[in-house]
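Hi there,

Here is the structure I promised to pass on. Have a look at it first, and then read my notes below.

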Amino acid sequence: MTTRLTMALLATLVIPVASADVAWHESFEDACRAAAAGNRPVMVVFSGAGCGPCEQLAEITLTDEAVVGGLAEFESVHVDAFRHSELATRYLVSFYPTVKFLHADGSVIYDIVGFVTPVEFLGHLERALDAHTALRRARTAADQAAEEIAPEAALSIARDFAAARQHLQAAEWAARAADADSAPAAVVSEALMIRGEALLEIGEPARAARAFTRHLTLGVATNPWPGRLKLGAAWLESGQNTAGIELLTVVARSKDAPDAARDEARELLRWAGVELE
């Protein structure tokens, strides 16, 4: 199915359109207020003086007709990260340019780091819109959920919170799905994977490792390699280096593992200071 942003790109290829500019807000606060009023996401472009990739993003990508059209779905604001260092610190910006997509309340739902082409940027806009929709859906479902919620419904909420990078809420709802007495094994397995990934993101690798271990022990995942990779990473992050290195070495050397899994395992091993032959 053709998406709205893809349609915008196609329009620029076949129909001449008048030059347009992104409608930039004057301040971060103005953008958030407008987003709240219109139930729309915010796009914040963090840049700094003398930053070559920032100039490329501004001159090549953010002036592209399709990108400008796609950004009509967002409330956009530029932030000079040097002049507004408190905002850059708040959003953990350490590289320029960084583009943060937010809910109106300031929650980060998606981000981009560095220069990307117009076509790539359109793909990111689609994913940011999907994340915003997922967050609104998750919050509505969570607010309406009964105390005794079906595990499948709890898992759906966890999925949406995870898609919107709301890791704490994703972990909590995944736990409700995984710990329900009536939960089918497949639901428990997926919920544990979501919970483990969320716990890794919020800096709790030991608890994440327990979730990944339980996920793998169930033995119902059709693809066990993501769980093995994440468990190895969690062990490394929690200081269990020997166990993490051993597991990741198995993944990296397994002929049954997909190429992407083997490559990621080697990257994690390099991070741990281990180079395989």
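What follows is a short tour of what I found.

First, the ground rules: this is a predicted model, so local features need pLDDT of at least 70 and side-chain atom pairs count only at pLDDT 80 or more, while totals for chains, interfaces and linings use all residues. Residues are numbered from 1 along each chain as its sequence is written, and side-chain values use heavy atoms, with hydrogens and water left out.

Let me start with the inside. A nonpolar core here is a set of buried Ala, Val, Leu, Ile, Met, Phe, Trp, Tyr and Cys residues joined through side-chain atoms within 4.5 Å; buried means under 20% relative accessible area, exposed over 50%, and partly exposed in between (1.4 Å probe, protein chains only). The largest such core has 54 residues, and M43, L62, L71, F74, V99, F101 and F121 touch the most other members. Helix α9 (residues 185–201) gives the most to this core, with nine residues. Helices (H or I, at least four residues) and strands (E, at least two) are DSSP runs, numbered from the N terminus. Another core, of 16 residues, lies apart from the largest one and includes A35, V77, A81 and A88.

Strand β2 (residues 42–47) is worth a look too. Six of its six residues are buried: V42, V44 and F46 point one way, and M43, V45 and S47 the other. With β3 (residues 75–80), β2 pairs in the parallel sense over six bridges (strands pair if DSSP finds at least two bridges between them), and V45 has H78 as its bridge partner there. With β4 (residues 98–102), β2 runs antiparallel, joined by five bridges, and V42 stands opposite L102.

Which residues of helix α3 (residues 52–61) are buried? They are C54, L57 and T61. These sit on the same side of α3, because they cover an arc of only 90 degrees around the axis, taken from the directions from the helix axis to the C-beta atoms. Among the elements covering them are β2 and α6 (118–144), with contact meaning heavy atoms within 4.5 Å.

Finally, some backbone details for you to check. Y96 and P97 are joined by a cis peptide bond, with omega about -5 degrees; P97 lies in the loop between α5 (85–90) and β4. L92, in the loop between α5 and β4, has a positive phi of about 55 degrees although it is not a glycine. At 72% relative accessibility, L92 counts as exposed.

Best wishes
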